[in-house]
Amino acid sequence: MKRSTLGWWYTATGRAREQRLWGTAAAIGLALLFPLINSFLGLGWEAKVIPIALFIILALGLNVVVGFAGLLDLGYAAFFAIGAYSMAFLTSTVSPIGFVREGHPVNFFLAMFISSAVAAVFGVLLGAPTLRLRGDYLAIVTLGFGEIVPLVIKNTPEVTKGTQGMNPIGYPELPGVHFAVDPVPWYYLIVAVLLASVVLTARLRTSRIGRAWMAMREDEVAAASMGVNLVTTKLFAFSLGASFSGFAGSIWASYLQVIAPEQFDFSVSIFVLCMIILGGIGNIGGVIAGGLLLGGVDRVLFDWISGIVHGIGAAIGNSDLQLMDVSRSRQIIFGIALVVMMLVRPEGLFPSARLRAELHAAEESDVEAQQERAVLVDVER
């Protein structure tokens with residue numbers, strides 16, 4: 001009986017692993033072939049898909065902080081801004097750095113890694129004095145940091161050009177590849193960074209530090225009693241998440257060729273957090289699915305709905321409908337979706353197996369506790 005049970009378990013595990021491998025291979029193949037499919041069908045979605053892929057990189061970094069380590073970071077957009085402005089300082093002709101301004105910019109790929117490192121350093125500087133805090137207190141501190149950074153950028157025009165923004169910004173230069181005029185190379189660059197991010201986070205999740213993050217997330221006291229250094233473990237998660245944001249920010253700045261503080265407000269942090277919650281906290285595949293879903297709604301569906309509304313307005317001669325932009329209501333729509341999601345399916349659309357088991361175990365324990373209380377009440381009567 002035991003042998004048959006073990007055999008069934010090994011068979012089921014092998015099938016699940018094989019399905020995951022096939023699904024991953026299909027997803028990678030689709031991502032690599034997307035420019036050809038897009039060109040063949042004439043969709044013109046290059047400018048829509050590139051930001052979606054970039055924000056998925058952001059979501060993977062925040063998933064390390066929120067999903068793996070259980071630290072609520074509401075100021076994640078600040079590191080996004082730090083990475084973007086680091087790229088601008090290192091490559092722009094309006095940089096405050098003298099040798100860059102005089103026509104000696106840093107190579108884009110080197111600047112990309114430097115920007116990530118700068119964001120990680122700021123993650124350490126923020127995390128060192130604050131990560132002893134827990135729960136709501138940590139969230140409030142990170143929220144304050146996320147608000148401070150854009151304000152500092154806005155109010156130091158002699159360094160950051162303030163609300164005017166910094167442009168132009170350096171872009172990659174490779175033989176035979178035209179980043180300046182063709183979005184396809186940008187797409188493949190971002191997909192390469194995205195795949196590297198997925199591999200790195202997947203390896204970290206199953207590593208010793210990943211297990212320490214998850215133990216700390218579940219119970220800090222128990223984790224500390226087992227020898228986990230809470231401060232350094234939290235600090236590494238915070239700095240690693242910030243480095244992901246720095247990478248994404250550096251590419252974003254170069255792709256747009258102009259950056260301004262308005263691009264890094266609080267709504268960016270909330271949008272990325274919604275991706276994680278919708279897809280499934282702690283699950284890498286769920287985070288990617290949540291990013292694709294929310295990004296598709298934001299970049300594709302809203303435009304499509306706006307086009308329909310404009311057409312109806314033109315047909316009936318209503319100028320208000322012709323000028324309506326549905327995407328302006330994205331914060332309300334995403335907020336309602338988030339509330340509904342937390343009420344109906346708090347584990348997300350594609351939760352990790354561990355989180356699903358924990359939630360169901362908690363529900364079962366609540367039901368058992370209610371039943372025990374009902375029995376005690378009946379006995380007392």
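## Lys161 and the loop between H7 and H8

Let's start with Lys161, which is partly exposed, with a relative accessible area of 29%. Lys161 sits in the loop between H7 and H8. Its backbone is worth a look too: phi is positive, at about 70 degrees, although Lys161 is not a glycine. Keep in mind as you look around that this is a predicted model.

With 0% relative accessibility, Met166 counts as buried. Between Met166 and Phe89 there are 77 residues of sequence, yet their C-alpha atoms are 8.9 Å apart in space.

## The chain as a whole

Stepping back, what is the chain built from? It has 16 helices and zero strands. Of the 381 residues in the chain, 41% are buried. The accessible surface comes to about 20400 Å², and carbon and sulfur atoms account for 66% of that.

Contacts across the sequence matter for the picture here. Take the contacts in the chain with a separation of 6 or more: 74% of them are between residues 24 or more positions apart.

## Two helices side by side: H5 and H11

The crossing of H5 and H11 is right-handed. On the H5 side, the residues making the contact include Phe108, Met112, Ala119, Ala120, Gly123 and Gly127. H11 brings in, among others, Leu235, Phe238, Ala242, Gly246 and Phe247.

Gln257 is found in the loop between H11 and H12, and its phi is near 70 degrees, a positive value in a residue other than glycine. At 22% relative accessibility, Gln257 counts as partly exposed.

## Salt bridges

Side chains of opposite charge can pair when their charged atoms come close. How many salt bridges does a search of the whole structure find? It finds three.

One of them joins Asp303 to Lys48, with the closest N and O atoms 2.7 Å apart. This pair links distant parts of the chain, since Asp303 is in helix H13 and Lys48 is in helix H2, 255 residues apart. Asp303 is partly exposed at 39% relative accessibility, and Lys48 is partly exposed at 22%.

Another salt bridge brings together Arg217 and Glu218, at 2.9 Å from N to O. Arg217 counts as partly exposed at 27% relative accessibility, and so does Glu218 at 43%. Then there is the bridge between Lys234 and Glu220, at 3.1 Å from N to O. Lys234 lies in helix H11 and Glu220 in helix H10 (residues 220–225), so this pair ties together parts 14 residues apart in sequence. Both Lys234 and Glu220 are buried.

Phe266 is found in helix H12 (residues 266–279). Which residues does Phe266 contact, leaving aside its neighbours within four places in sequence? They are Leu74, Leu143 and Glu147. The C-alpha atoms of Phe266 and Gly75 are separated by 7.0 Å, although the two residues are 191 apart along the chain. Phe266 is partly exposed, with a relative accessible area of 32%.

Is Asp298 buried or exposed? It is buried, with a relative accessible area of 10%. Asp298 belongs to helix H13 (residues 284–316). Beyond its neighbours within four places in sequence, it is in contact with Phe271, Arg330 and Phe334.

Finally, turn the model to find a nonpolar surface patch of about 820 Å². It is made by Leu30, Leu33, Leu36, Ile37, Phe40, Leu41, Leu43 and Trp45. Leu43 is in the loop between helix H1 (2–41) and helix H2 (46–68). At 36% relative accessibility, Leu43 counts as partly exposed. Patches are made of residues with over 30% relative accessible area, so Leu43 clears that cut-off.

Notes. Residues are numbered from 1 along each chain as its sequence is written. This is a predicted model: local features need pLDDT of at least 70, side-chain atom pairs count only at pLDDT 80 or more; totals for chains, interfaces and linings use all residues. Side-chain values use heavy atoms; hydrogens and water are left out. Patches are made of residues with over 30% relative accessible area and no salt bridge: like charges are joined within 9 Å, nonpolar side chains (Val, Leu, Ile, Met, Phe, Trp, Tyr) within 5 Å. Accessible areas come from the Shrake-Rupley method with a 1.4 Å probe; for residues, only the protein chains shown count as cover. A salt bridge is a side-chain nitrogen of Lys or Arg within 4 Å of a carboxyl oxygen of Asp or Glu. Helices (H or I, at least four residues) and strands (E, at least two) are DSSP runs, numbered from the N terminus. Buried means under 20% relative accessible area, exposed over 50%, partly exposed in between (1.4 Å probe, protein chains only). Contact means heavy atoms within 4.5 Å. A crossing is left-handed if the near helix is turned anticlockwise from the far one by less than a right angle, and right-handed if clockwise.
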